[in-house]
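Here are my notes on this model. Please read them with the structure open.

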Amino acid sequence: MSKKLLKPKENFDCLVEHNNSGRLSSFIMNSSDLAIKVKTLEGVVTFWNYGAEKMYGYKSDEIIGKNISLIVPQKHLKELELLTKKTVKGETIPNYETERLRKDGTLIHVSLSFFPIKDEKGKIIGVASIDKDITEARIAGKELIFQTKEKANRAAELAIADKELIYQIKEKANRAAELAIADKELIFQTKEKANRAAELAIADKELIYQTKEKANRAAELAIADKELIYQTKEKANRAAELVIADKELIYQTKEKANRAAELVIAGKELIYQNLEKEKLETLTNTLKHSSQYARSLIEASKDPLVTISEEGKITDVNEASINVTGLSREKLIGTDFSDYFTEPKKARKGYKMVFDKLTVTDFPLTIRHINGKLTDVLYNASVYKDEEGKVLGICATARDVTFQKSISKELNEAKSFAEKATFVAEEAKRKAESATILAQDAVKAKQQFLSNMSHEIRTPMNAIIGFTKVVLKTDLTAKQREYLTAIKLSGDALIVLINDILDLAKVDAGKMTFEKIPFKLNASITAMLHLFDSKVKEKNLKLISEYDSNIPEVIIGDPVRLHQIILNLVSNAVKFTNHGSITVAVKLVKEDVKNVTIQFEVSDTGIGIATNKLDKIFENFHQASSGTSRLYGGTGLGLAIVKQLVEPQGGKIVVTSKIDVGSIFSFSLVFPKTIINDFVDLELIKLDNEIKNISVLVVEDIALNQLLMKTLLEDFGFGCDIAANGKIAIEKLETKKYDIILMDLQMPEMNGFEATNYIRNALNLTIPIVALTADVTTVDLAKCKAVGMDDYIAKPVDEQLLYSKIIGLIRKLNTTKQIIESTLIKKYKHINLAYLYRCTKSDPSLMLELITLYLEQTEMLIGEMKNSYEVKDWSLLQLTVHKMIPSFTIMGINQDFENMAKSVQEFAKAQEEFEDIAGLILQLEEVCKLACIELQEEYNFIKKTINEN
């Protein structure tokens with residue numbers, strides 16, 4: 001089938017006839033700020049007006065004959081193809097918001113309206129679109145927010161209005177017999193209350209309805225249809241009108257047919273944000289009537305638009321001009337154009353410029369409303385001529401720039417202030433730069449030293465502590481166990497000291513980061529306090545835990561840093577308490593919809609702190625007295641670290657103390673709430689019998705650490721292979737499959753970062769990778785994840801943490817695979833999403849978008865189908881069912897229901913009643929509602945899967 005490629009002139013003639021009105025339309029479209037474009041079915045541009053040149057930066061001779069994809073971002077090409085296909089099917093697509101590219105590469109937000117172009121035989125030969133730059137409108141956001149709110153309100157209004165209409169229709173038959181008595185019933189409410197007892201049984205439904213609705217009318221009438229609004233406004237006068245309620249009911253019945261059509265149109269307008277859809281549909285089918293088409297374009301414009309004669313008199317205006325001046329069309333037409341501006345002389349000057357230059361662009365003026373309101377605008381105008389080329393007048397459009405002008409003024413003021421401040425700041429900056437350079441050099445040297453020391457100390461400590469734990473698990477004599485335990489305790493103490501110094505260095509360098517992950521606070525606190533069981537028993541103390549049961553089970557925060565805070569406080573309490581008790585209290589202070597505020601308090605009956613020392617105990621390397629360190633040990637860093645961990649999270653550490661009585665340390669933190677109750681707790685994870693035969697690849701260059709890791713993994717029951725560097729690891733991965741990789745970072749030939757990058761990008765493997773590092777000052781989780789690692793463990797390795805992370809990552813990987821498999825084969829009673837999975841290539845985001853569109857549109861289409869049948873609007877019924885049919889295939893609804901819908905469409909096309917059509921419509925309504933329920937479940941299932949992964 002050959003397709004005709006329209007020449008620009010031919011395509012334009014499809015839109016505008018050759019007469020004075022058509023010439024006017026031509027100049028209106030060419031001078032409008034709206035971008036008006038026409039393309040062939042293959043996407044070749046054949047018409048490009050002045051508004052398009054201005055919006056996209058391409059002149060008409062640069063773009064005509066080229067493909068429209070030149071201005072479409074790559075990610076929106078598929079979207080454009082879908083919109084074009086819909087338009088080719090005869091659909092009009094109004095106000096579709098998306099993105100487009102200007103010639104200079106700028107990405108802008110636009111609102112597009114598509115409609116098909118037909119030849120004289122009614123064959124669709126092209127697609128026209130009207131584009132509007134809504135970038136500024138999106139920044140402002142007010143109009144979109146208003147429309148969004150109105151959409152939700154009107155959806156509820158239409159639902160209530162539907163119920164009211166259905167109720168009135170059903171009551172119509174019953175009210176025929178009751179009208180004779182209804183007069184007395186209604187009068188009874190105001191004048192005849194005592195005489196209505198006998199009539200109450202006859203009008204029971206009406207009276208119950210009126211009684212129940214009376215208290216709620218104030219809210220309900222605001223969202224009802226025009227009839228209900230009419231009743232609300234006339235409520236004060238209804239005492240007299242109740243006598244003639246029978247006439248009102250007849251009036252309601254007569255108005256019902258008109259109202260049904262109005263509600264259907266209103267629903268379409270609000271849901272699809274298209275105030276002129278019916279007009280555009282009519283215009284696309286009758287494009288040869290160019291004057292009507294031009295008027296629709298003029299009235300569709302949100303900007304004031306006027307035509308002016310050679311004498312400067314207004315000859316026509318649009319609705320936007322009426323709104324901005326406050327005067328009616330009749331009062332504006334025939335008056336002087338310049339009378340409505342704050343500077344009439346300037347307006348006349350601009351008017352004359354149009355005749356001199358034939359066009360004027362962005363001419364600034366200010367319009368005065370009759371109530372005194374001023375609107376800053378930029379006028380764009382050009383002359384329009386008759387067929388002989390004689391100038392008939394001017395067509396001008398105005399763009400409201402009041403908001404932009406106010407922003408510009410504020411920016412200029414801010415700029416002036418900033419320039420003054422900059423001069424002062426530059427002087428201070430010059431003085432500070434030299435000091436900053438010295439400080440930065442000192443910090444870099446300090447960080448490099450700590451990094452080197454961390455690596456050098458932790459590497460041997462990893463082997464010492466690791467092998468000590470391994471030997472302690474073997475059969476030993478009492479003396480050997482005692483000596484090895486002493487070695488382990490000394491090693492643990494040394495690691496604590498190293499951690500304190502490195503944590504302090506992190507804070508000083510501004511590298512202390514805080515996670516935002518879900519965790520169970522109660523379980524976390526309980527597990528942490530168990531660490532002190534042996535020490536508390538050794539000193540014959542009581543460790544009391546008070547936990548508020550009102551605290552949500554799962555909150556979001558950094559459990560590791562919270563552990564560190566509590567551990568330091570409890571460790572201090574245990575250290576400085578020789579008798580009595582230590583209490584850890586966790587209380588709920590405040591809760592709202594999003595957050596909880598929780599207070600943590602650690603109190604003891606220890607030696608206490610002198611009042612004059614309370615302000616100094618949070619300083620680095622500072623203890624309450626010189627004898628404290630000698631008697632109790634420690635570095636004086638614990639409380640300094642606590643303060644540095646609490647304050648960046650928005651809290652404040654507070655202490656009260658009394659000598660020989662005890663101390664109380666407390667702080668409060670705010671945690672976001674979450675509904676996530678199902679997550680992997682690595683601290684508490686246990687071996688799952690289903691996870692067997694785990695194969696681990698250890699990438700480590702130091703022989704001692706290789707032996708330690710192999711020993712630990714064999715104790716877990718895991719298989720283990722060793723690679724001395726990243727290059728060897730890659731060679732092993734090319735020949736053997738592993739379940740997880742433990743990757744050291746500092747290695748010769750190829751380090752851990754380089755190896756991980758190659759595994760992810762060259763080998764394309766998704767195997768979990770856990771980093772092993774002794775340099776905790778510069779390596780953190782974010783840096784590891786940046787190259788594709790899943791987690792990291794600091795040396796010396798904690799065997800329980802190592803085991804938990806291995807099991808957790810493998811279990812998560814297995815769960816993800818199971819979810820994907822179960823999702824792909826999941827079937828429903830009324831829907832089968834196999835086709836949707838294929839066409840979306842199982843892309844969860846795209847599937848969610850399509851399901852959302854179906855859920856939003858189906859309820860509206862069901863309502864339109866029922867209403868159009870009830871009022872016997874066969875054309876609307878045919879159009880509505882036609883829109884429903886494609887979704888049956890997409891959502892996998894049984895073919896029988898699709899055939900049923902096609903039968904209804906054929907009956908509607910024939911415009912005749914059929915005895916079974918009502919039954920078919922009810923069946924279609926039922927299956928669509930059930931499909932929506934099942935699709936909502938599918939939506940929730942996919943959403944949950946995305947969140948968990």
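1. Five strands make an open sheet, ordered β12-β14-β15-β17-β16, with mixed pairing. Its edges are β12 (542-547) and β16 (654-658), each of which pairs on one side only. Neighbouring strands are turned by 15° against each other on average, direction ignored. Bear in mind that this is a predicted model.

2. β16 pairs with β17 in the antiparallel sense, over five bridges. Val655 has Phe665 of β17 as its bridge partner.

3. A helix covers part of the sheet's strands: α20 lies across β12, β14 and β15. Against β12, α20 runs at about 175°.

4. Which residues have the most contacts inside the largest nonpolar core? They are Leu521, Leu569, Ile598, Phe600, Phe665, Phe667 and Phe671, in a core of 39 residues. Elements giving two or more residues to this core include α20 (521-529), β14 (581-591), β15 (595-604) and β17 (662-672). The largest share, seven residues, comes from α22.

5. Phe600 deserves a look. Leaving aside neighbours within four places in sequence, Phe600 is in contact with Leu521, Leu562, Ile566, Ala585, Val586, Phe665, Ser666, Phe667 and Phe671. Apart from the core in point 4 lies another, of 36 residues; among them are Tyr837, Val904, Ala908 and Cys928.

6. Now the whole protein. It has 34 helices and 22 strands. Of its 949 residues, 43% are buried. Among contacts with a separation of 6 or more, 61% join residues 24 or more positions apart. The protein exposes about 50900 Å², and carbon and sulfur atoms supply 56% of that area.

Conventions: Residues are numbered from 1 along each chain as its sequence is written. This is a predicted model: local features need pLDDT of at least 70, side-chain atom pairs count only at pLDDT 80 or more; totals for chains, interfaces and linings use all residues. Side-chain values use heavy atoms; hydrogens and water are left out. Helices (H or I, at least four residues) and strands (E, at least two) are DSSP runs, numbered from the N terminus. Buried means under 20% relative accessible area, exposed over 50%, partly exposed in between (1.4 Å probe, protein chains only). Contact means heavy atoms within 4.5 Å. Accessible areas come from the Shrake-Rupley method with a 1.4 Å probe; for residues, only the protein chains shown count as cover. A nonpolar core is a set of buried Ala, Val, Leu, Ile, Met, Phe, Trp, Tyr and Cys residues joined through side-chain atoms within 4.5 Å. Two strands pair if DSSP finds at least two bridges between them. Axes are lines fitted to C-alpha atoms, for helices over the stretch in contact, and angles run from 0 to 180 degrees between N-to-C directions.
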